[in-house]
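Subject: Structure handover

Hello,

Here is the structure we talked about, passed on for your own work.

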Amino acid sequence: MASKEIKNELKSARESIQNKDYHAALKHCKAVLKLDKTNYNAFVFVGVASIELGKPEQAQAAYKKAIDINPENILAWQGLASLHEKEPEFGKKEDVIEVYGRLMKHYESSDNKKWSEIVLKLVDVHKSLKNIEEALNLLKLLQDGDCEKDQYLLWCKSIALLQENQGSLTSIQKNELVNAYRHVLHGNIQASDETRQYFQDYINLLLDDATFSVQDILSEAKRMKDVFEKDEFPLNILAKLYLEQILELNDEECLIYEELLALNAESYLAYLGLGKVKLFEKDFTPAEEYLKNGLQHLPNSSLGWYFLSQTQLLHHQYEDVFNSCTKGLDSLKNDESLYNQDLVFSNLSLCKAKSSSRLGKEGIAAAIVQLKELSSLQPNNLDGHIELGKIFVRINNVEAAKKCLENALNVEKTSSRCSILEGEIFAAEGQFENAETSFLHGIELQQDVAESYLNLGKLYWKAEGKWRTQKDKCLNCLLKAAKLDPYNSSIFLYLGHFYQIVGLDSNKALRCYKKAHDLNPFCDETGEALGDVYMSSGLE
């Protein structure tokens with residue numbers, strides 16, 4: 001009789017739940033439990049009705065009693081899972097992990113679809129608890145298994161998990177994030193806001209990680225540009241990375257800067273980049289205009305000041321060079337995003353020292369101090385040793401210049417710059433044949449250096465005896481130097497000397513002296529020579 005009554009009461013409880021009469025369901029369950037205190041189904045029905053009546057504590061207690069009665073039956077475990085999903089703030093997350101773990105085990109061999117759904121729910125629980133590794137391992141289970149879930153969506157979940165905790169990721173987890181981005185952004189990528197954001201986050205991740213090369217980042221930025229042709233972000237990345245390659249010009253740089261300027265007429269990167277392009281093309285006037293325009297938008301760009309200083313140096317505007325390098329070095333202190341910061345620092349320091357050495361005795365003294373500091377920090381900096389040696393030659397400290405040459409040769413045995421310094425040392429010691437040999441060797445190594453031809457021209461001009469008679473050699477060297485460096489006042493000074501004294505052509509001499517004076521109005525020797533020509537010609 002009791003068994004039949006229990007069966008009827010359970011049937012009534014089920015029907016009451018179906019009819020959403022949860023209070024009635026609880027009454028029927030209570031009747032069952034009076035007759036059978038360990039009735040599994042009654043406790044499960046109590047759990048179901050209690051959830052719907054907003055009594056999570058009662059529901060949880062009922063399900064747990066059911067599990068104590070029969071832990072192998074899945075219904076109570078499902079009920080606890082349902083309780084968590086309807087009342088996510090109730091109970092402990094650790095308890096939910098146990099519940100989903102039990103359901104995973106149950107469905108693993110019987111229902112792949114339900115198993116996948118439970119795994120994803122467990123991923124979300126671990127994610128809420130910041131259990132990154134556990135969540136990742138579960139996602140890998142889905143990715144590696146015979147899962148009905150879309151692999152793309154699984155990788156997206158991995159990205160969301162890792163991106164949300166990016167500040168606390170281990171190096172292995174960072175690699176996992178990079179791997180997830182690569183899976184999402186491979187193959188036939190469709191342009192969408194989601195894809196755009198993934199690309200941006202991915203590239204920013206690469207930029208923040210020193211283990212990835214510039215070429216890696218350039219490749220990914222180019223891929224993004226192929227998908228999003230009118231998007232500024234990849235163009236900005238490409239422009240920034242190309243701009244930082246201060247010693248070379250990439251074939252596609254100009255196009256990148258032009259496209260960026262077309263999208264944003266006020267892009268400082270575009271202006272600085274076009275300035276760099278014009279500098280490498282030796283088109284100095286527009287180079288200076290572009291760079292100054294870019295620096296108006298971004299006055300703290302160390303790269304902008306560097307390229308401007310190079311333009312000014314090629315114009316031999318030493319005071320302007322000094323000021324630009326000073327601003328560039330000041331900006332560099334706060335420019336930690338540069339991947340080649342040491343290279344920019346050494347080149348700005350060297351350029352500043354070069355200009356300083358042309359600004360009087362105090363400038364020479366400051367340049368020597370700066371170059372010694374640079375050589376101490378970077379003993380393999382060839383240009384630092386060379387420039388210091390040249391300064392010592394100019395102030396007649398030949399022994400110190402020889403030591404600089406020795407240091408330079410230890411860095412690079414065969415260099416046109418070493419040959420030039422060696423020739424200057426020989427010339428200072430009156431060893432004209434050796435000086436000529438060194439200068440000619442420098443030209444053999446690099447034929448487009450005006451300084452080598454100027455040094456040879458000056459050597460032929462100043463030498464005595466048979467050397468003084470080699471007029472054609474002297475003139476040819478000076479003319480080649482003028483063609484390579486039309487902004488060097490010294491070249492036109494010596495051309496003026498040649499035409500005045502050897503060529504006996506006062507008109508050509510006057511034009512050369514005037515150009516030398518225009519380029520450097522502070523040179524006393526040029527001023528005196530120009531005055532002498534005016535006097536001898538009866539001009540004012």
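Predicted model: local features only at pLDDT ≥ 70, side-chain atom pairs only at ≥ 80, totals over all residues.

Helix H5

Helix H5 covers residues 74-86, 13 residues in total. Its first and last C-alpha atoms are 18 Å apart, close to the 18 Å expected at 1.5 Å a residue.

Which residues of H5 are buried? They are Ile74, Ala76, Trp77, Gly79, Leu80, Ala81, Leu83 and His84.

Two lysines with positive phi

Most residues other than glycine have a negative phi. Lys130 has a positive value, near 65°. Lys130 sits in the loop that joins helix H7 (112-128) to helix H8 (132-144). With a relative accessibility of 48%, Lys130 counts as partly exposed, because that value falls between the 20% and 50% cut-offs.

Lys282 also has a positive phi, in this case near 60°. The loop that holds Lys282 runs between helix H15 (268-280) and helix H16 (284-297). Is Lys282 buried or exposed? Its relative accessible area is 53%, and exposed means over 50%, so Lys282 is exposed.

Domain 1 and domain 2

The domain assignment of the protein chain gives domain 1 as 400-477 and domain 2 as 486-539. Their centres, taken over C-alpha atoms, are separated by 24 Å. Eight residues from domain 1 and ten residues from domain 2 take part in the contact.

About 830 Å² is buried between domain 1 and domain 2, and carbon and sulfur atoms give 86% of that area. On the domain 1 side, Leu454, Trp461 and Leu475 lose the most area to domain 2, together 65% of what that side buries.

What is the count of salt bridges between domain 1 and domain 2? The count is zero. For polar contact, the count between the two domains is one residue pair, with both residues at pLDDT 80 or more. Helix H25 (450-462) and helix H26 (471-484) are the elements that give two or more residues to the side of domain 1 that touches domain 2. The largest share of that side, four residues, comes from H25.

Regards

Note on methods:
Residues numbered from 1 in each chain as written. Heavy atoms only, no water. Buried < 20%, exposed > 50% of the residue type's maximum accessible area, 1.4 Å probe, protein only. Expected span 1.5 Å × (residues − 1). Domains from an automatic or database assignment. Contact = heavy atoms within 4.5 Å. Buried area = accessible area lost by both parts, 1.4 Å probe. Salt bridge = Lys/Arg side-chain N within 4 Å of Asp/Glu carboxyl O. Polar contact = N/O pair within 3.5 Å; in protein donor to acceptor, adjacent residues only side chain to side chain.
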